[in-house]
Amino acid sequence: MGTAKRQPWVVGVSGASGTPYAASVIRGLLAAGEAVDLIVSRAARLTILDETGISFRDAHWRADLAAWLGFEAAGASGDTEDTEASGGALGDVRYWPAGDFAAGPSSGSYPAKGMLVVPATTGAVAGIALGLSKDLLQRVASVTLKERRPLVVCVRETPLNGVTLKHLVELDAQGAVVLPASPGFYAGGSTVRELVDFVAGRVLDAVDVPHSLYLRWEGELGAAARRTDANAAVPPEGE
Ligand SMILES: Cc1cc2nc3c(=O)[nH]c(=O)nc-3n(C[C@H](O)[C@H](O)[C@H](O)COP(=O)(O)O)c2cc1C
């Protein structure tokens, strides 16, 4: 019979600080052999630019994504058209502009597995909780909830005001997993990358995608300190 149906995870990147969390989640999904449908909100272009120096462009999304994920060695060039050669090592990724309400994932009939909003702004949290659908990211999140598919909302803001706390409770009541971008230190992470990967790993845990992004708790107090000490004993590259 025909080929297997493509069933992607939708990754929605909204304009909160924490774009490295999104990059780590996308890398983790691709490493696990999952297909990814990517939506980047208008505000997220600003945070990506601010935190990585990359201008994320619709017309060159594949090259820009490859650079963002650190795959640029695969031959992606910022000035090329969106071709297989440009960022071709990315894997199975589709990109949908945030203003495209006719995009595949905007319909419940599109065979998405679910959606990960990483990082999630308080605005995205509000829009999803209230069903505003002000852009494609929010529309797909609403579709994900109505189809009873997994939705993970990795909120990034601190401190939180009362209305955001109410919206987060509402999301929980609707079946979403509210997963604050809140790294744990019990895995012994000492670098920024390890702490970022911890949060990304917890996002993937929430949807049962296998990964090795952080070391799991094994019931042994003091293990984190020993791992950190062991890491500190290894001289940084170049020394
Ligand atoms: C550099 C930068 C960092 C931001 N960080 C956050 C943040 O951590 N959390 C948040 O809720 N909003 C943050 N914002 C504000 C959001 O981008 C803004 O509320 C925007 O309207 C959210 O739109 P979106 O949900 O469609 O992405 C930040 C904005 C900028 C420019």
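Me: To start, among contacts in the protein chain between residues at least 6 apart in sequence, what percentage join residues at least 24 apart? Then please zoom in on Val 11 and what it is in contact with.

Reply: Quick housekeeping: residues are numbered from 1 along each chain as its sequence is written. This is a predicted model, where local features need pLDDT of at least 70, side-chain atom pairs count only at pLDDT 80 or more, and totals for chains, interfaces and linings use all residues.

On your first point, 70% of the contacts between residues at least 6 apart in sequence join residues at least 24 apart. A contact here means that two C-beta atoms, placed from the backbone, lie within 7 Å.

The protein chain has eight helices and six strands, taken as DSSP runs numbered from the N terminus (helices: H or I, at least four residues; strands: E, at least two). The six strands form an open sheet with parallel pairing, in the order S3-S2-S1-S4-S5-S6. S3 (93-95) and S6 (177-178) are at the edges with a single partner strand each, so one side of each has no neighbour in the sheet. Two strands count as paired if DSSP finds at least two bridges between them.

Now for Val 11. Strand S1 (residues 9-13) pairs with strand S2 (residues 36-40) in the parallel sense over five bridges, and Val 11 stands opposite Leu 38 in S2. Setting aside neighbours within four places in sequence, Val 11 is in contact with Ala 22, Val 25, Ile 26, Val 36, Leu 38, Leu 116 and Val 118.

Val 11 also belongs to the largest nonpolar core, which has 65 residues; Val 11, Val 25, Ile 39, Val 117, Val 118, Val 153 and Cys 154 touch the most other members. Such a core is a set of buried Ala, Val, Leu, Ile, Met, Phe, Trp, Tyr and Cys residues joined through C-beta atoms within 7 Å. Buried means 20 or more other C-beta atoms within 10 Å of a residue's own, with C-beta atoms placed from the backbone.

That brings in helix H1 (residues 19-31), whose 13 residues reach 18 Å from first C-alpha to last, close to the 18 Å expected at 1.5 Å a residue; the expected span is 1.5 Å times one less than the number of residues. Eleven of the 13 residues of H1 are buried, so H1 is largely enclosed by the rest of the structure. Among those buried residues are Ala 22, Val 25 and Ile 26, which are also in contact with Val 11. Just after H1, Gly 33 takes a positive phi of about 80 degrees.

Note on methods. Buried ≥ 20, exposed ≤ 12 C-beta atoms within 10 Å, placed from the backbone.
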